[in-house]
Each structure stands twice: as C-alpha cells, then as structure tokens.
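This report describes a model made of protein chains. Look at the sequence and the structure before reading on.

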Amino acid sequence: MSVAKTFNTVKTPLWFRRARIGQKITPYLFLTPFLAGFLVFMVYPLIYALNLSLYRKKLVGGTSFVGLDNYVKAFQDDNFWAGVRNVLVFGAMQIPVMLGLALLFALLLDGKLIRRQTIFRLGYFLPFAVPSVVAALIWGYFYGQSFGPIAQIAVALHLKPPLFLTPSGIIPSIANIATWQYTGYNMLILFAALKGIPEELYEAARVDGASDLQIALKIRIPIILPAIALTAIFSVIGTLQLFNEPNVLRVVAPTVLDSHFTPNIYVYNLAFANRQFDYSAAIAFTLALVTAVLSSLVLLAVYRREAS
Amino acid sequence: MVTQTLSHVRPNGLRKYTTGKFATYVFLFVCLGYFLLPLLWLSIASTKTNAGLFNSFGFWFAKDFGLAQNLKDLFTYQDAAFIGWMKNTAIYAISAAVGSSLISALAGYAFSQYQFAGRNVLFGIVLASVFVPGTVFAVPLYLLISKTGLSGSLLAVILPTLVSPFGVYLMRIYAEQAIPEELLDAARIDGAGEFRIFATIAFRLLLPGYVTVLLFAFVGAWNNYFLPLLVLGKSEVYPVTVGLAYWNSLAGQLSTHQILYPLVITGSVIGTLPVMILFLFLQRFWQNGLALGSIK
C-alpha cells in the first residue's frame with residue numbers, strides 16, 4: 001500500500017487559490033465529525049489505557065504507580081505467551097491455506113476457463129455474511145458427538161466418530177472455521193485486483209506461447225502482490241485477535257479452551273473475571289507490539305520479494 | 001450438475017483443455033459443497049424439534065416438521081427476548097452503517113480534495129490506527145463507558161462504531177478516482193458553496209464507494225460480538241450474536257436447557273438472513289467497490 005503515491009497536490013490556477021483563502025477552514029469542517037469521534041473513541045481510550053497500564057491495584061495499599069512493572073510481568077507471563085504460541089500455530093496453519101485457496105479461486109474464476117463463475121463466487125463468499133458466532137455454533141455442532149452430521153455418518157459406517165475438540169485437534173478445528181468464513185472474502189479482494197489488469201498484458205505473453213500457469217505465476221500474481229500483501233496483513237492482525245470462535249466453542253470444550261487460550265481471551269478474562277484492568281491493559285499493549293512487529297515482517301517479506 | 005456444465009464445452013479449439021476443465025469443475029463443486037453444506041445443514045436443522053435433532057440424519061428432514069413451533073418458541077421464549085435482540089441488532093447495524101459511512105465520506109472527501117496544514121500527518125495517524133488491535137481499545141472503552149453510566153444503553157455500542165478509520169481510507173481513495181477536479185472548479189466558478197458542491201455534485205459521484213463502505217459497516221456491526229459482549233451489562237440490550245451465544249452456553253451447560261438447541265439454531269437462521277439478503281441485492285455495488293482497498 002504505497003500511500004505516499006496518493007498524495008497528489010491539488011492543481012488550481014493561482015487566482016483561484018487566492019479566492020479560496022477564505023475557505024481554508026472548509027476541510028477542517030468536513031473532518032470535524034470524524035476527528036471528534038476519533039479523539040473520543042480511539043485516541044483518548046488509548047492514552048487512558050496506556051496510563052492505566054502503569055499502575056497496579058493491590059488488595060492492601062490500594063493503587064500505586066509501578067512504571068513498566070506490568071510490562072515486565074507480561075513479558076515473563078507464561079499464560080500470555082502460551083496464548084501467543086496458540087495463535088501463531090493457528091496462523092501458520094490457517095493463513096497459507098486460506099490465502100492459497102483464495103488466490104487459486106480468484107485465478108480460476110478470473111480466467112476464461114470457467115463458465116457460470118457467479119455461482120462459485122457468491123457461494124464461496126456466502127459464509128462471510130454469517131456472524132462468526134453463528135459460524136462457531138454451526139461448526140461446534142458439526143464437531144460434536146450428540147447430533148453432529150460427521151459423527152452420524154461415522155456411526156452409520158460403523159466407524160469410531162472422530163474427536164475434533166481435543167488438545168491436539170482444537171487449533172485445526174478453529175482454523176477450519178476461519179477458513180470457511182473468510183476464504184471467499186479474500187478471494188473477492190484478489191479477484192477485484194485481477195480484474196484491474198488490462199487484457200493486453202496477457203495477449204502479448206500468449207502470443208509468445210506462454211501457458212496459463214506461466215502467465216499466472218509470472219504476470220498475474222506479481223501484479224496483484226500489493227492486494228495479496230493487504231489480505232495477508234489483515235489476516236495476521238485478525239489471527240492475533242482470535243476471540244469469537246474459541247470463546248463460543250468453550251461451552252463444548254471447556255477444559256481444552258482454557259482462560260488464556262488466545263491473548264484476547266486472556267485480556268478478556270483478566271479484565272472481567274479477575275478485574276485486573278491495569279494488567280490486562282499492559283497485556284493488550286504487548287499484543288499490539290507483537291502485532292506491529294509481525295505485520296512489518298509480512299510487509300518486508302512481500303516487498304523484498306517484489307523488489308527481487 | 002457437472003455433466004450439465006460440460007455440455008457447454010465446445011469441441012472446436014478447446015478440446016485439449018477438456019480433462020483439465022473437468023477436473024477444475026469437480027474441484028470447484030467440491031469446494032462449493034464445503035462452503036454451502038454447513039448452511040444447508042443449519043436450514044434443515046431449523047425445521048427439527050429437539051428430539052428430531054438427535055434422532056434424524058443431519059442432512060435430511062425429521063418426521064416432525066417443527067419449524068413453525070421453533071419460530072413460535074423463538075419469538076416468545078423469555079418474554080420475547082429474541083425479538084428485542086433482533087431490534088437491538090438492527091439499531092446497532094443501521095446507525096453504524098449510516099453514521100460511519102457518512103462521517104467517513106466527509107473525511108475522505110476532505111483528505112482527497114483539499115490542501116490543508118497537517119493533512120499528511122493526520123492521514124498517517126488515521127491509517128496507522130487501522131493496524132492497532134481492537135483489544136487495546138476494548139478495556140478502556142469498557143471502563144469509560146461504565147464511568148459515564150452508558151453501559152446499559154444502546155449508545156455504548158453505537159458511538160464507538162461510528163468511527164471507522166478504514167472507511168476514511170477507502171473513501172479517500174475512491175474520491176481521488178471518482179471526482180474530476182475540473183468539475184468542482186467549474187461549480188466553484190458558478191458560485192456554489194463548498195458544502196453545496198459536496199451535497200449536490202460530489203456525493204453523487206461518491207455513491208458506489210459510499211454503498212460499499214455502508215454495507216461493510218452494516219455487516220461488521222450486525223455480526224459484532226466482542227465489543228457488545230464487553231460493554232453491555234444487561235441482556236435487554238444484547239445484539240443477536242451475544243444473545244445466541246448466551247443461550248447456547250445455557251444449553252451446553254445444563255441438560256435441562258437442551259430444549260434451547262432448536263431455538264439457537266432457528267435464531268441463527270433468522271439472525272443471518274438479513275445480511276445475506278442485503279449482500280445478494282447489493283451485489284453490483286460491493287463487488288465493484290471491493291477493488292478499492294486492493295488497487296493501491
């Protein structure tokens with residue numbers, strides 16, 4: 001996302017620019033509703049939380065300023081890092097599958113090979129319209145032993161019903177829910193980017209005898225690399241904030257999904273079960289730091305590949 | 001279905017692709033099954049009684065057709081709590097969609113059409129905020145909201161969702177592409193005021209981008225779970241997502257509440273339908289609009 005490119009200067013004649021001096025305040029008026037909300041609901045809470053994270057409330061002695069103690073504690077907190085490890089394993093498993101499928105679908109549906117592509121495009125996208133809570137409910141029933149269709153089929157075939165919500169099965173099971181929900185959405189973003197490539201670019205390659213696979217690898221994928229990077233970064237951010245699916249599935253797998261299964265679940269439980277708001281704020285900022293580092297790494301990786 | 005689509009294969013020139021094409025179609029249809037079967041299962045399950053859920057095969061109907069009874073139970077259980085949740089969800093989604101898209105359109109338009117002091121710095125800050133995890137805002141928002149006594153009110157969810165930095169980013173890009181500078185200058189020479197120009201000329205040009213931002217804000221707010229779960233203390237102000245998860249946890253924890261499963265399933269269908277219908281009807285707009293964020 002080369003934002004710098006979009007900063008065009010407005011070119012207007014000099015006489016006109018002078019006439020507009022009285023209107024200098026206009027852009028600020030247009031911006032006021034957004035900036036007011038931005039200050040109140042984003043900037044202020046951020047500062048408030050940052051300040052909060054520097055204090056600690058004790059049962060005896062009340063609240064006291066502890067400097068960076070909460071952050072030192074966070075960096076040494078096994079519960080937090082276990083959660084980070086879980087979401088990283090989840091991401092390493094889920095993001096390549098999801099984006100790989102999304103890219104494959106986008107390439108197939110953008111080509112001339114497939115007719116009636118609207119059915120596939122809409123069908124693949126439809127799970128995005130389902131709230132993640134409902135997606136987790138549906139798949140929770142699918143994985144379950146009581147009336148899940150997978151267990152039903154296994155029983156009918158005289159097989160042992162597979163267990164999904166075990167310590168080793170839980171992360172792939174949640175990864176599947178996320179893949180089901182978001183593959184179609186990412187496909188459409190990549191599809192839209194592919195549609196933006198002018199037809200002539202392929203024609204020349206085709207005349208030179210390039211195969212569809214070569215055209216996809218050498219022309220189409222490199223051109224939409226910025227769009228791929230965008231989907232990758234948003235997937236990384238979403239992954240680190242994993243909350244809805246595991247939180248809903250906790251009902252059916254309470255022992256596997258503990259109170260710090262993901263960093264976000266940990267923050268939630270610290271704040272609302274333990275009322276440790278100050279420490280939970282420190283954990284949230286540490287998570288933001290991890291997010292920033294990881295998304296920069298993704299950006300670097302993508303653009304280094306593009307440059308080479 | 002596969003054979004039907006194959007009848008479209010024309011013999012001339014495409015013959016060498018036929019095997020590959022067949023394999024591609026098989027692959028695409030298998031994937032279509034993966035994405036749609038869970039939704040089919042949910043729809044069928046919503047027609048079953050609690051006994052039917054446990055006694056019948058998931059992808060076929062049970063002997064008793066219980067949809068009418070399920071709907072009746074759904075809309076009356078716990079003093080019609082579900083109707084209240086649907087109403088709350090609609091209020092959250094409509095206010096977030098209309099409010100945030102309008103606010104984003106105004107801001108994006110300002111960033112794209114005017115030169116002013118602090119523009120680049122401001123836009124950089126807005127863009128950076130897109131990448132900050134929502135968790136960071138969640139706890140302080142909860143504390144601030146409960147301090148102001150808003151925690152039991154609809155405003156606790158509505159107000160924070162009115163601010164959408166990503167919406168501003170999208171509207172700016174869209175405005176840069178869609179609004180020719182000369183047009184606005186011509187209007188200025190004709191003596192039109194800046195706000196009139198926005199309302200009568202620019203906004204019409206911004207409409208396709210606006211609808212995209214509006215729709216995705218609507219869906220985001222309709223499907224929101226984390227923020228409402230955090231900031232809402234009372235079940236009367238729950239949206240459908242939080243309400244259904246709550247009923248499901250009751251059904252899972254207490255065997256006496258298993259009777260809730262048909263309600264959670266039917267409620268999931270009812271709670272999802274509006275968004276699906278909206279997506280299908282507004283296809284033309286959002287499919288084009290999606291290209292926005294990805295081009296730059």
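This is a predicted model: local features need pLDDT of at least 70, side-chain atom pairs count only at pLDDT 80 or more; totals for chains, interfaces and linings use all residues.

B:Asp79 has 9 C-beta neighbours inside 10 Å, so B:Asp79 counts as exposed. B:Gln78 has 12 other C-beta atoms within 10 Å and is therefore exposed as well.

B:Gln78 lies in helix H5 (residues 67–113) of chain B, and helix H5 of chain B is also the place of B:Asp79. B:Gln78, another residue other than glycine, has a positive phi near 50°.

## Chain A as a whole

Chain A contains 14 helices and two strands. Its radius of gyration is 25 Å, whereas the globule rule gives 19 Å for 308 residues; chain A is therefore more spread out than a compact globule. The C-alpha trace of chain A spans about 75 × 75 × 35 Å along its principal axes.

Of the 308 residues in chain A, 42% count as buried. If the contacts in chain A with a separation of 6 or more are taken, 71% of them are between residues 24 or more positions apart.

## The strands of chain A

Strand E1 (residues 55–58) and strand E2 (residues 62–65) of chain A pair in the antiparallel sense, over four bridges.

## A helix pair within chain A

Helix H4 (residues 78–110) of chain A packs on helix H13 (residues 263–272) of chain A at an angle of about 145°, and their axes are 8 Å apart. On the side of H4(A), the contact is made by A:Asn79, A:Phe80, A:Gly83, A:Val84 and A:Val87; on the side of H13(A), by A:Pro263, A:Ile265 and A:Tyr266. Six residues of this contact are nonpolar, two are polar and none is charged.

## Chain B as a whole

Chain B has 16 helices and zero strands. Its radius of gyration is 25 Å, while a compact globule of 296 residues would have one near 19 Å. Along the principal axes, the C-alpha atoms of chain B fill a box of roughly 75 × 70 × 35 Å.

Of the 296 residues of chain B, 44% count as buried. Among contacts in chain B between residues at least 6 apart in sequence, those that join residues at least 24 apart make up 72%.

## Where the chains meet

In the model, 79 residues of chain B are in contact with 82 residues of chain A. Which helix gives the most to the side of chain B that touches chain A? Helix H3 (residues 18–45) of chain B does, with eleven residues. That side of chain B has 50 nonpolar, 23 polar and six charged residues.

One helix pair joins the two chains as follows. Helix H6 (residues 132–143) of chain A packs against helix H13 (residues 240–253) of chain B at an angle of about 25°, with axes 9 Å apart. Because of this angle, H6(A) is roughly parallel to H13(B). H6(A) contributes A:Val133, A:Val134 and A:Leu137 to the contact, and H13(B) contributes B:Thr241, B:Leu244, B:Ala245 and B:Asn248. Five residues of the contact are nonpolar, two are polar and none is charged.

Notes: Residues are numbered from 1 along each chain as its sequence is written. Chains are lettered from A and ligands numbered from 1 in the order in which they are written. Two residues are in contact if their C-beta atoms, placed from the backbone, lie within 7 Å. Ala, Val, Leu, Ile, Met, Phe, Trp, Tyr, Cys and Pro count as nonpolar, Asp, Glu, Lys and Arg as charged, and the others, Gly among them, as polar. The radius of gyration is taken over C-alpha atoms; the globule rule is 2.2 Å times the number of residues to the power 0.38. A residue is buried if 20 or more other C-beta atoms lie within 10 Å of its own, exposed if 12 or fewer, and partly exposed in between; C-beta atoms are placed from the backbone. Two strands pair if DSSP finds at least two bridges between them. Axes are lines fitted to C-alpha atoms, for helices over the stretch in contact, and angles run from 0 to 180 degrees between N-to-C directions. Angles under 35 degrees count as roughly parallel, over 145 as roughly antiparallel, 65 to 115 as roughly perpendicular and the rest as oblique.
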